[in-house]
Amino acid sequence: MMSLLYNLFEDKLEMDHREPFPIFSLNQTTLPTFLRGNDEDDDNMISVGVVTPVGTFYAQLLFLIIVQRIIAAFCSILIYNYIIVNSRHPQKTMSTTASFLIGFGVILPIMLQSPFWFVNVLDIRSKAMRLLLLSLPLTGTLRLLEAFFGFTPQEASSSLQNYMVYFTTLVDVEFDSKTQKPIYVTSQDLMLLSKQCFLSSLKLVVALCIFAPMSYTPFETGVLAHSTNHTFADIWSWMHILNNFVAATILSFSLEFGSNNINLLIEITTGIKTKQMVNNPMFASTSVSDFWGSRWNNLIHVALKRGVYKPVRKYCNKRSIAAAATFLASGILHEYCWGLLFYVHDNEKDYESGFCSNCVYPHYGKNVIFFGWNGVLIVFEYVLSQFYFVRKIRTKLPNIIITAMVLITALPIGHLFTGDWVAAGYYEQIQMA
């Protein structure tokens with residue numbers, strides 16, 4: 001069994017070695033400067049071709065999805081029986097202390113440590129595969145918190161079966177509030193989701209084709225995006241801001257592509273309707289709260305709301321404090337993500353130096369700063385929205401201007417979030433999908 005797994009993960013999916021089938025050639029001098037790529041041939045000609053997806057990419061992806069769901073099912077049974085049921089009938093079951101120990105002494109370590117075990121045992125180096133492994137610790141941790149504080153959705157907690165569906169899918173599923181049962185998909189739902197999958201795939205492919213020759217940094221700034229050496233002038237350079245826009249846009253396209261296809265897989269195999277995770281944040285956001293609350297990652301937003309925001313709001317009754325705590329928690333969770341995404345295990349290290357020359361060693365703390373700043377923006381937005389003239393201006397400005405104003409509040413420091421993705425080759429690795 002292990003030999004089969006080692007063979008499956010023998011391809012590390014770090015470098016794209018596919019040879020495209022050429023369709024036609026273009027003279028680079030006919031293209032805009034920023035589309036010419038970083039390495040021009042002597043004859044200034046570039047070849048345009050097509051490649052097929054890497055089958056191993058999807059084989060590894062499917063295996064990790066199945067294994068994560070098995071672990072999630074085990075955790076969901078423990079959470080339901082020892083935390084949710086216990087909170088309803090404390091006089092008939094164990095103490096709150098025992099529930100706490102089971103939740104945070106057994107279940108949480110399993111969810112947080114299992115991805116590192118898979119990375120070590122199977123020598124997983126692809127950032128795309130490691131990103132998938134983060135689905136359980138991220139959603140699972142927040143759903144553990146919401147269960148402990150009593151904010152699990154009523155429909156999901158109405159039965160063990162419902163809770164297992166809710167927890168093991170690791171996406172948001174839809175429940176009928178009357179029957180308290182999962183809503184099942186129709187043929188029309190599947191057609192609509194299939195269309196969304198096609199469009200998200202098309203957007204991602206076009207973006208990758210355009211920016212891959214430029215190593216996803218179309219403009220030369222003189223400062224590496226993942227460094228911490230940016231001056232105030234550097235972060236307000238239009239080239240720096242546009243590089244961050246490109247990196248964030250392709251990242252959102254890749255999240256949309258991945259989540260839509262996983263949703264489609266779940267709906268086809270289980271028949272249960274799922275909720276959209278990414279909804280065009282880079283081109284349709286009308287406010288900072290709309291960007292983070294309804295568009296960028298709805299799955300994590302809802303989980304943070306139930307697992308962090310509502311408990312803090314319950315105990316302190318201060319919206320601003322709850323919002324700040326939520327963004328702080330988001331920053332801490334993303335630091336954990338960086339710990340796995342950029343984790344360097346022994347197989348990657350040089351035997352003599354104990355150092356990996358090809359790996360990215362990120363500066364930790366950048367995510368806390370980035371998400372902390374966005375928490376401040378949310379509070380600032382709430383204060384400004386109390387003024388009539390601000391609300392009036394929002395109704396008069398074109399949507400594209402509003403979206404640009406929303407993005408410019410975060411793009412100057414966007415490299416704190418996207419810079420490491422670019423440096424570690426994440427975008428080159430998702431090309432293989």
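Which residues in helix 17 are buried? In this predicted model, they are His415, Leu416, Phe417, Thr418, Gly419, Asp420, Trp421 and Val422.

What does the covering? The list includes helix 4 (127-133), helix 8 (232-235) and helix 9 (238-270). It also includes helix 13 (319-341), helix 14 (366-384) and helix 18 (426-430).

**Rings around Trp421**

Now look at the aromatic side chains. The structure holds 34 aromatic pairs. One of them joins tryptophan 421 and tyrosine 426: the ring centres are 4.7 Å apart and the planes stand at 80°, which is why the pair is called edge-to-face. Both tryptophan 421 and tyrosine 426 are buried.

These two rings also belong to one aromatic cluster, whose members include Tyr216, Phe291, Trp292, Phe370, Phe417 and Tyr427. Elsewhere, a charged side chain meets a ring: arginine 143 lies over the face of tyrosine 166, at 4.2 Å from the ring centre.

In soluble globular proteins, nonpolar side chains tend to be buried together. Here, the largest nonpolar core has 105 residues, and the ones with the most contacts inside it are Ile79, Ile124, Ile250 and Tyr427. Helix 2 (residues 55-88) gives the most to this core, with 14 residues.

Leaving out residues up to four places away in sequence, tyrosine 427 touches Leu208, Tyr216, Ala247, Ile250, Leu251, Trp421 and Val422.

Glutamine 68 and serine 259 make a handy pair to set side by side. Glutamine 68 lies in helix 2, while serine 259 is found in helix 9. Each one counts as buried because its relative accessibility is under 20%. The contacts below leave aside neighbours up to four places away in sequence.

| Residue | Relative accessibility | Contacts |
|---|---|---|
| Glutamine 68 | 3% | Leu132, Leu133, Ser135, Leu136, Pro137 and Leu170 |
| Serine 259 | 7% | Met277 and Val278 |

How far apart are the C-alpha atoms of glutamine 68 and aspartate 420? They are separated by 25 Å, and the two residues are 352 residues apart along the chain.

**Empty space inside**

Finally, the gaps. Rolling a probe the size of a water molecule over the atoms shows where empty space is left. The structure holds three cavities of 30 Å³ or more, and about 200 Å³ of space lies in the largest cavity. Of the 17 residues lining the largest cavity, Phe291, Trp292, Phe370, Ala410 and Leu411 are the closest to its centre.

Which helix gives the most to that lining? The answer is helix 11, with three residues. Helix 9, helix 11 (288-295), helix 14, helix 16 (399-408) and helix 17 each supply at least two residues of the lining. Phe291, Trp292 and Phe370 turn up in the aromatic cluster as well. And with helix 17 among the contributors to the lining, we are back at the helix we started with.

Terms used:
Residues are numbered from 1 along each chain as its sequence is written. This is a predicted model: local features need pLDDT of at least 70, side-chain atom pairs count only at pLDDT 80 or more; totals for chains, interfaces and linings use all residues. Side-chain values use heavy atoms; hydrogens and water are left out. A nonpolar core is a set of buried Ala, Val, Leu, Ile, Met, Phe, Trp, Tyr and Cys residues joined through side-chain atoms within 4.5 Å. Buried means under 20% relative accessible area, exposed over 50%, partly exposed in between (1.4 Å probe, protein chains only). Helices (H or I, at least four residues) and strands (E, at least two) are DSSP runs, numbered from the N terminus. Contact means heavy atoms within 4.5 Å. Rings of Phe, Tyr and Trp (its six-membered ring) pair if their centres lie within 6.5 Å; planes under 30 degrees apart count as stacked, over 60 as edge-to-face and the rest as tilted. A charge sits over a ring if NZ of Lys or CZ of Arg is within 6 Å of the ring centre and within 35 degrees of the ring normal. On a 1 Å grid over the protein atoms alone, a cavity is a set of points where a 1.4 Å probe fits but cannot get out, and a pocket is an open set with protein on both sides within 12 Å along at least five of seven lines; lining residues have an atom within 4 Å of a point. Grid points are joined across faces, edges and corners, and a volume is the space filled by probe spheres set on the points.
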